[in-house]
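Thanks for asking me to look this one over. Here are my notes, in the order I would read them at the screen.

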Amino acid sequence: MKLRKQVTVCGGAIFCVAVFSLYLMLDRVQHDPARRQNGGNFPRSQISVLQNRIEQLEQLLEENHQIISHIKDSVMELTDTGAVSPSGHLPFRSANGSWVLPFDRRPTYLAIKSQDCQFASVSRDQTDVQMLDVYSLLKFDNPDGGVWKQGFDITYEANEWDNEPLQVFVIPHSHNDPGWIKTFDKYFTDQTQHILNNMVVKLAEDPRRKFIWSEISYLSKWWETAEPQKQEAMRKLILEGQLEIVTGGWVMTDEANAHYFAMIDQLIEGHQWLERNIGVTPRSGWAVDPFGHSATMPYLLKKSNLTSMLIQRIHYSIKKHFSSTRNLEFMWRQAWDTGSSTDIFCHMMPFYSYDVPHTCGPDPKICCQFDFKRLPGGRINCPWKVPPKPIVEANVAERAQLLLDQYRKKSKLYRSKVLLVPLGDDFRYDKSLEWDQQYINYQKLFDYMNSHPELHVQAQFGTLTDYFNALYKTTGVAAGSRPADFPVLSGDFFAYADREDHYWTGYYTSRPFYKSLDRVIESHLRGAEILYSLAVATARHEGMEGRYPVTDYSLLVDARRAVGLFQHHDAITGTAKENVVIDYGNKLLRSLIGLKRVIINAAHFLVMKNRDFYHEDIVTSLDIGGKKGSACKVFFSCLRRISVFMYLVVFNPIEQERLCLVKVLVNTVRVRVLTEDGQTLPVQLSAQWGSATQMSAEVFQATFMARLPPLGLAVFHLYDSADSPMTLRSDTLLRLSSRSVTAKQAAVSAQRSQQTSPFCCWNTLSSVRVFIFPFVLLLHVQSIKRKDDSKEVKVQIQFMVYGTSPSKDKSGAYLFLPDGKPKPYNQKEPPVVRVVEGPLFSEVVAHYQHFEQTIRIHNVPGVDGLSIDISTMVDIRDQSNKELSMRLSTDIKSDDIFYTDLNGFQIQPRRFYQKLPVQGNFYPISSQAYIQDSRHRLTLHTAQALGVTSFESGQLEVIMDRRLMQDDNRGLGQGLKDNKRTENRFRLLLERRSFGNKGTDGSTNSFPSIVSHMTSAILNHEVLPLPVVPKRRGIPPLKTFAPLMSKFPCDFHLLNLRSIQNKQDGLTPSPYTALLLHRLALDCSIEAQNLGFNCTTTQGQLNVSSLFKNLDLQLLQPVSLTLMYSSTPLANHSTISLDPMEISAFKLKLR
């Protein structure tokens, strides 16, 4: 009752203050003499200001209402559980057995404007081609098409080009994988450097010769050692249009597993290198080898100011359909676009491959005869047994007619009379001889064709942009615009199959250890970029430029390039040779060590209370863990011996305030944790388990709840002190698999139990309840229930096993060819099961032979407590041709529709098709997949890229790991035998949808809720605990660093705060910083819950000048996504505006 009175008084006071403020403002307006002199006629500007202030006050009143509402809800919740603390300050168990923590005295509110909810439900114009419709339409059969096996017979009339001659652009290229069969460095030494050296010489021999290049990672390595005259020769070739840089990314990125943060970052790194060294801006995208294509990539290219793009690896049935309808060229539009602002012109190659036999026309037997590297006497030949012939005067007419016939047939698949013909393959043109063979023979063919008007053809070498420019000119539109009658398409191109039932869906999961490591390093890279930028700007502001270690910038550059390299479509995909994978791993780990150093240095500088005492040589007092030779996981801080007193600095890398659990390893059970202002925090002390039954006697887990500032560094004090009533030990129950197994107990004891009844976990503060059967053969969550929902959702977690096909074609690194539907995972003995219960978290851990699963709930108000934490440690190294999956089976009526994300950027609806084989129904996920009906949505958030499907209504299934003993005949020459013990981390989020909402309406759009967005953020960007190592000379006083003066709207994501390179050397920072923002689109039909922080939206408005505390904004300039194109600078106090889903970049000067 006393608490209710306090709430009522507090709420009333807030309301009175707001009303009184409004009265004072209106009173001031009424009595302002300047306004009275105007006879009551207000200038328009002043009326506008007044309206804005009234709107702000209305928002304040709305927020006050939200605060009071949440306070009342909290009081009612505590009353419902019988939670009345004897002291009001200590953790205790309520009448129903749930833990209750000291009441959090900082009420929060959720104030999402109705205007910010409209985007998800607004109607959109139907595109001409929607890929969901195409999938429904096609039979996905594979009849023999004749010479074009996967197509059909193409015919034409001889006079079709009489009025408008055929324009042919032959585009020589060399596809250079930055690692695959050989390592990146080995490829460069053996082949790539020779290709680039020959390019400079051979293109200069004839101005009619053209070439394109894509991978900047190789170009930069060549540039480092090239003589100045070679560098200048290459610049000249580019500026004169003989050589074109296409896409310009660090690599040709994978589009299934890669996260959009890394896709953008590698694109920025490539474009920034080009800008600094050559001064060229790419215009066209070239992606001939990624194994399927995401709708995210065209958006990123469009935002980078590219006008056109090309793609190749598409399901053969889709290629055939697009060829028959002449839809191989289209405007690719984002499905969520309400207009046409995201449109980019796209060219799809029609045939099997990008090699020469499959690019001149439909008949590979003929096209192979025009790959002059295969001339008799060479190392490779034509599989069709008809070799090429050198072009001489005696045969040029016959050869030209034969080739022109293929050109004409191919052109019949397109809507214009401009034809693109690639001429190249993997690592082509590494020998001087091939340059002569291809260019000299083709030039003879072109000369003949062009000198005979009756052929009605104009053929030449060209670049990719040469082709697109000719097409735009012919169709009478500006570059990048939609030609008349060309279709508009939305959707993506997964899954990819190149023939028969050979679906490239295995690589979605292949080598999950490295996929997981990549995401951890991406999070470290983003955190290091943000802290470094803030530290450098703060040093400038305080006149300390010379004392802060700006040389750390080279560590950032190295990490950007290592992460960028790993986005290559044979790296993150897990489809490279074992020694190449090790090389990628070593590069990533070296970059991780460098990033930790950057974070430590920046954090040390920023948390110092008096920076006058800062010197670079004392930055070693902070530690992030995971040093060489250490067994510490990257997710925890390493073991630290707690002295009488020590600091712990905790970094929150997300842009919102965070109420969460912080876990550290300590060497004593006498732990006390204090906030910076001396408040003692509840601590849950748990055992550190070395195995299923062995506890450490020396190392313990200390977990405490902390409120962290956005993008900030919070300082905590750790004491080794006598038992504190706020330090509580976990209760542990252990169920052993047999009597021969015993548990070794330590200071945090475990008890043996044969209990078989369900285990129930309540999250008191965030209203999630989970029933778990922990002591059956297969551990599963029985049901999930929200306190505010009368209906429980049944959820069963089951593990399944796939074998591989008994035919000669079997699963490998690329292909998923299972032996039918999966079988349940079984082992003879029941698992060892451990149940841990405590005030801050409770968990069930089950140890099976091939995996260890942990299901944990956090008793924390807000986002951290709204979902179930699921961690699965997988080890299938003793298996042969097996793939392990985790299946969620629920009573949600999702029918055959499920939803997967694309690159963590957007959601793509999917449908399970019986007409497709098992492997054809799998899709990639980078961050989440969900199912829903009219009442609930269940989202599986993931911290690593995997493959997912939904076989039946209410199901989601993810492949966890694959161990395959053979190659799948796609060029790798190896199976997948180098498996590692790998942790897959998930969050399972149950949300209630508004009544009357359609469950599975087949819409082409869907969006996460605000809770779902935040759940993904906390899963992918965990807090970093940084213990402060005591030194003999003592620790200088530290204070919490909170960089934001005003909060980010909660539908804004700070994608990066990236220090821009110095254009002179590229290894030191310039005074400028790139601010990359993504405005999230929200599904407001999901009922809102308390996020644990104050969440407001602003209709996409953000004032950057008032964002950062103690920093002056001296430049605010909109730029393209990769920073190459600049718009007119805005006034420093300007408010920027983003539409939902929009990613925008700004160049800042902070000081």
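The points below go from the whole chain to single helices, a sheet and the disulfides.

1. **Ground rules.** This is a predicted model, in which local features need pLDDT of at least 70 and side-chain atom pairs count only at pLDDT 80 or more, while totals for chains, interfaces and linings use all residues. Residues are numbered from 1 along each chain as its sequence is written, and side-chain values use heavy atoms, with hydrogens and water left out.

2. **The chain as a whole.** The protein chain holds 18 helices and 53 strands; helices (H or I, at least four residues) and strands (E, at least two) are DSSP runs, numbered from the N terminus. Of its 1151 residues, 63% count as buried. Buried here means under 20% relative accessible area, exposed over 50%, and partly exposed in between, with a 1.4 Å probe and protein chains only. Among contacts (heavy atoms within 4.5 Å) between residues at least 6 apart in sequence, 76% join residues at least 24 apart.

3. How many of the ten residues of α6 are buried? Seven are, so the helix is largely enclosed by the rest of the structure. The buried residues are I216, S217, Y218, L219, S220, W222 and W223. Their cover includes the helices α5 (184–204), α7 (228–239), α8 and α16 (553–566), along with the strands β6 (211–213) and β7 (243–245).

4. **The α6/α8 packing.** Helix α6 (residues 216–225) and helix α8 (residues 260–277) have axes that come within 10 Å and cross at roughly 35°. Axes are lines fitted to C-alpha atoms, for helices over the stretch in contact, and angles run from 0 to 180 degrees between N-to-C directions. The crossing is left-handed, a term used if the near helix is turned anticlockwise from the far one by less than a right angle (right-handed if clockwise). On the α6 side, the contact is made by I216, L219, S220 and W223; on the α8 side, by G270, W273, L274 and N277. By class, this contact has five nonpolar, three polar and no charged residues. Ala, Val, Leu, Ile, Met, Phe, Trp, Tyr, Cys and Pro count as nonpolar, Asp, Glu, Lys and Arg as charged, and the others, Gly among them, as polar.

5. **A contrast in α5.** A204 lies in helix α5 and is exposed, with a relative accessible area of 55%. In sequence A204 and A233 are 29 residues apart, and in space they are 8.4 Å apart, C-alpha to C-alpha.

6. **The six-stranded sheet.** An open sheet of mixed pairing runs in the order β4-β14-β10-β11-β9-β8; strands pair if DSSP finds at least two bridges between them. The edges are β4 (129–130) and β8 (284–287), each with a single partner strand, so one side of each is left without a neighbour in the sheet. Strand β4 runs parallel to β14 (residues 488–490), and two bridges join them. In this pair V129 stands opposite L489. Helix α9 (residues 296–303) lies across β8, β9 (308–311), β10 (329–332) and β11 (344–348), running at about 130° to β11.

7. **Disulfides.** How many disulfides does a search of the whole structure find? It finds four, a disulfide being a pair of cysteine sulfur atoms within 2.5 Å. One of them joins C360 to C367, with the sulfur atoms 2.0 Å apart; its angle of -90° about the S-S bond makes a left-handed link. C368 and C382 form another, again with sulfur atoms 2.0 Å apart, and this link is left-handed too, with -105° about the S-S bond. Both C368 and C382 sit in the loop between α11 (364–367) and α12 (396–411), 14 residues apart.

8. **The C1050–C1095 link.** This disulfide has an S to S distance of 1.9 Å and is right-handed, with 60° about the S-S bond. C1050 lies in the loop between β46 (1024–1027) and β47 (1052–1061), C1095 lies in strand β49 (residues 1095–1096), and 45 residues separate them. C1050 counts as buried at 1% relative accessibility, and C1095 is buried at 0%.
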